[in-house]
Amino acid sequence: MTLDSLPLGAHLVLCCRKDWRTATVVRVELDKITLSVNSPTGRTYRMRRPPDAPLAFDGHIPLLPGAGRSNPCWRTALARYDVRW
């Protein structure tokens with residue numbers, strides 16, 4: 001499966017430089033998919049990926065690995081979020 005197979009509003013886990021973060025599909029266009037990525041500081045930022053980016057699955061959880069990285073231990077490297085909110 002690829003990223004364009006996810007519907008608008010779908011949640012996934014995205015591989016970033018240092019860790020894995022949760023993201024949501026917020027915009028679908030022909031040449032790019034825009035994701036809203038949650039930062040550990042509580043903020044969000046947007047990231048664009050090609051629609052043909054391959055997805056991996058851990059059960060029902062879609063994973064979007066980074067370029068050249070396929071860390072199977074995404075659960076241990078998941079970003080810790082501010083739990084005060």
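1. The model is predicted: local features need pLDDT of at least 70 and side-chain atom pairs count only at pLDDT 80 or more, while totals for chains, interfaces and linings use all residues. Residues are numbered from 1 along each chain as its sequence is written, and side-chain values use heavy atoms, with hydrogens and water left out.

2. The largest nonpolar core has 15 residues. Such a core is a set of buried Ala, Val, Leu, Ile, Met, Phe, Trp, Tyr and Cys residues joined through side-chain atoms within 4.5 Å; buried means under 20% relative accessible area (1.4 Å probe, protein chains only). Leu 3, Leu 12, Val 25 and Leu 64 are among the residues with the most contacts inside this core. Strands E1 (11-15), E2 (20-28) and E3 (33-38) each give it two or more residues, and the largest share, 3 residues, comes from E3. Strands are DSSP runs of at least two residues, numbered from the N terminus.

3. Beyond its neighbours within four places in sequence, Val 25 is in contact (heavy atoms within 4.5 Å) with residues including Leu 6, Leu 12, Ile 33 and Leu 35.

4. Strands pair if DSSP finds at least two bridges between them. E1 and E6 (residues 61-64) are parallel, with 2 bridges, and Val 13 stands opposite Leu 63. E5 (residues 56-58) runs antiparallel to E6 over 3 bridges; here Ala 56 has Leu 63 as its bridge partner. The E5-E6 hairpin has 2 residues between its strands, and Gly 59 in the turn has a positive phi of about 70°.

5. Ser 36 lies in E3 and is buried, with a relative accessible area of 14%. Leaving out residues up to four places away in sequence, Ser 36 touches Thr 22, Ala 23, Thr 24, Val 26, Thr 44 and Tyr 45.

Key: Buried means under 20% relative accessible area, exposed over 50%, partly exposed in between (1.4 Å probe, protein chains only). Helices (H or I, at least four residues) and strands (E, at least two) are DSSP runs, numbered from the N terminus.
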